[in-house]
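Here are my notes from going through the coordinates, as numbered points. Have the viewer open while you read.

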Amino acid sequence: MNQQHRTPLFTSLIEHAKKKPHQFHIPGHKTGEGMDEQFKNFIGSNALSIDLINIAPLDDLHQPTGIIQEAQQLAAEAFGADHTFFSVQGTSGAIMTMIMSVCGHGDKIIVPRNVHKSIMSAIIFAGAKPIFIYPAMDEKLGIAHGITTQAVQRALEIHPDAKAVLVINPTYFGIAANLKEIVDIAHSNAIPVLVDEAHGVHIHFNEKLPLSAMQAGADMAATSVHKLGGSLTQSSVLNVKEGLVDAKRVQSIMSMLTTTSTSYILLASLDTARKNLAINGEQMAEFSLSLADYARKKINEIKGFYCFGEEILGSEATYDYDPTKLTIHLQGIQLSGYEVENILRDVYNLEVELSDMYNILCIITPGDTIEKINWLIQSLQNISERHYNQNELKNLFVKTPEIPQLSLSPRDAFYADTEVIPFQESAGRIIAEFIMVYPPGIPILLPGEIVTQENIDYINEHLEVGLPIQGPEDKTIKNVKVIVETSAIR
C-alpha cells in the first residue's frame, strides 16, 4: 500500500506540541516564551512550538529508530533509493558525506573542474587527490556544461584505481549529460558514481525532465530539496543505493559532519516536501514547465535577449535539459549580466538567481505565477528599449587554460606554511588558495597546483576586460598566497 501521503515526523511533532509539555530542555526560548518579543511575533507560535530537540519521543537523526527513520524510509521510496539520509547541513553537508564515505588519504576521485566549493572542501578533509575533467564549454553562451561520456571513459582508462566518479547533474543552468551511460561505464569498472544533484530534486517526478541520479543507477546523490522541492533553506537529502557503497559508513560520516542540535523545523519541512513531491510532483513540474515555456517564448521575442531551449541539445555534454531554468543571454544589450541584475533589483524589485558577464539565470518553480512571469518579461522589455543596440553584439571572451600540474594534494597545500607574494612573480610557485574567473566559473588555480605564466596571462586578460576574479584573499589580485619554499641546507 502506498504510504506517501503520511508525514510521520511532522505529524508527531504537531501531536507533541499539542501536549504542551513542561520543557526543562533546550532550546532555551521554550516555545518562544524566552526570546525577543518582536522576533517571536514575526515567526509565530506554530513554528516555535516545534523548534525542538532529539528527546526520546522525537527520535534522533544520528541514530534514528522511530519517526525520523520512518520519514527517511518514505523518502527513499519516493526517490527510488535504498536509503535516504536527511541533511540539516544543506547539500554541502551531503556532498561532503558522499566523498568522505568513499575516499581516504591519497585516494583518487574523478571530478569536473567546475566543482562546488563543498566538493573541494571534502577533498581537502579526506586528503584525496582530485583527477580533473574539463566540462564542455559553450562559447556561444559563455557557460560550462557537463562532462562527457568520452572524457569519463578516458579518465578511467588512465586512472583505473580511482575510488569514485563525481558528476554534476543537472548543471546550475539545467543541462544534463547522458548520466546513464556515465554510470554504466563507471560500474563496468566497479567504480561508484556520486552525483551533485543540488539543482535536480524535481526531475525525478516528471518524465519530461532529465533522468534523476537514482533513475540512472547512480550510487549516491546529494539532492537539494530546499532549492526546488519546497523544503526550508538548508534542508537536503542524501540518496544511496547499496552495492558499491556501504550505507552504514555513509550514516557514520553523515553523523560526524552533522550538528547534534538538529533542527526539527528543517526535518519536518523535508518530511512534508517529500510527501508533496511524491503525490503532486508530476503536476507541480507540469505547471512550472508551462510557465517556463511561456516565459522562454516571450523573452525570445525581446530584442537583445536569447533564452535557449531544445535547440541546445545534441552533443554529449547537452544530452538533455531542464526547461524550468531560464538562462537569459545578453546578445545585443549594452550591459553586462551583473548590470542587468542590478537594474532588475533597483528599478523593478526583481531578484534573479545569478548573473555573469553575459547571462542572467531565472528559475521557475510551482511557487511562481503568470503575473510574476509577466513582470519579468515586461522588465526585460523595458531594459531592451533603453539598452539594445544591434551593433553591440558581444564578443565573448571565454576560453580555458590547461589544468595546472598538481604538486601537492589540496589538503597538504591547505595546511602548509604559506607566504604572500606579488601575483605577477608567482610563476613556478605552488598556489595555496582558489582563483576562478566568471564566466565560466571554472577554477583556474586550486590549492596545491603550480602557477604557470599562462595562468598569470589568462587572469590578467580577464582583469583587463573587466571580468571578475573570485577566490583569493586579495581581491585586487596584486598578491597571492603560495607555499613557502624551504632553502637547501649547505
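1. Start with glutamine 234, in the loop between helix H9 (225–228) and strand E10 (236–240). Its phi is near 90°, which is a positive value in a residue other than glycine. Keep in mind that this is a predicted model. As for cover, glutamine 234 has 41% relative accessibility and so counts as partly exposed.

2. Alanine 190 is another non-glycine residue with a positive phi, here about 60°. Look for alanine 190 in the loop between helix H8 (179–188) and strand E8 (193–197). Is alanine 190 buried or exposed? The relative accessible area of alanine 190 is 52%, and the cut-off for exposed is over 50%, so alanine 190 is exposed.

3. Next, the cis peptide bonds. One runs from isoleucine 26 to proline 27, with omega near 5°. Proline 27 sits in the loop between H1 and helix H2 (37–43). Another cis bond joins asparagine 169 to proline 170, with omega near -10°. For proline 170, the place to look is the loop between strand E6 (164–168) and strand E7 (175–176). If you're preparing the model for your own work, these are the omegas to check in your file.

4. Valine 195 lies in strand E8. With 0% relative accessibility, valine 195 counts as buried. Which residues does valine 195 touch, leaving out those up to four places away in sequence? The list is Met98, Val167, Asn169, Leu179, Ala213, Ala218, Met220, Ala221 and Ala222. By contrast, methionine 254 is 59 residues from valine 195 in sequence, and the two are 16 Å apart in space, C-alpha to C-alpha.

5. Met98, one of the residues touched by valine 195, is also among the buried residues of H5. Helix H5 (residues 90–102) is mostly covered, with twelve of its 13 residues buried. The buried set is Gly90, Thr91, Gly93, Ala94, Ile95, Met96, Thr97, Met98, Ile99, Met100, Ser101 and Val102.

6. Now for a helix pair. The axes of helix H1 (residues 8–18) and helix H11 (residues 264–299) come within 7 Å of each other and cross at roughly 130°. That angle makes H1 oblique to H11. From H1, the contact uses Pro8, Leu9, Phe10 and Leu13; from H11, it uses Tyr264, Leu267, Ala268, Asp271, Thr272 and Arg274. By type, the residues in this contact of H1 with H11 are seven nonpolar, one polar and two charged.

7. Zooming out, the protein has 15 helices and 20 strands. Its radius of gyration is 24 Å, close to the 23 Å that the globule rule gives for 490 residues, so the protein is as compact as a globular protein of that length. The C-alpha trace spans about 70 × 70 × 50 Å along the principal axes.

8. Buried residues make up 55% of the 490. The accessible surface comes to about 21,800 Å², and 50% of that belongs to carbon and sulfur atoms. How much of the contact set with a separation of 6 or more comes from residues 24 or more positions apart? They account for 73% of those contacts.

Notes. Residues are numbered from 1 along each chain as its sequence is written. This is a predicted model: local features need pLDDT of at least 70, side-chain atom pairs count only at pLDDT 80 or more; totals for chains, interfaces and linings use all residues. Side-chain values use heavy atoms; hydrogens and water are left out. Axes are lines fitted to C-alpha atoms, for helices over the stretch in contact, and angles run from 0 to 180 degrees between N-to-C directions. Helices (H or I, at least four residues) and strands (E, at least two) are DSSP runs, numbered from the N terminus. Angles under 35 degrees count as roughly parallel, over 145 as roughly antiparallel, 65 to 115 as roughly perpendicular and the rest as oblique. Contact means heavy atoms within 4.5 Å. Ala, Val, Leu, Ile, Met, Phe, Trp, Tyr, Cys and Pro count as nonpolar, Asp, Glu, Lys and Arg as charged, and the others, Gly among them, as polar. The radius of gyration is taken over C-alpha atoms; the globule rule is 2.2 Å times the number of residues to the power 0.38. Buried means under 20% relative accessible area, exposed over 50%, partly exposed in between (1.4 Å probe, protein chains only). Accessible areas come from the Shrake-Rupley method with a 1.4 Å probe; for residues, only the protein chains shown count as cover.
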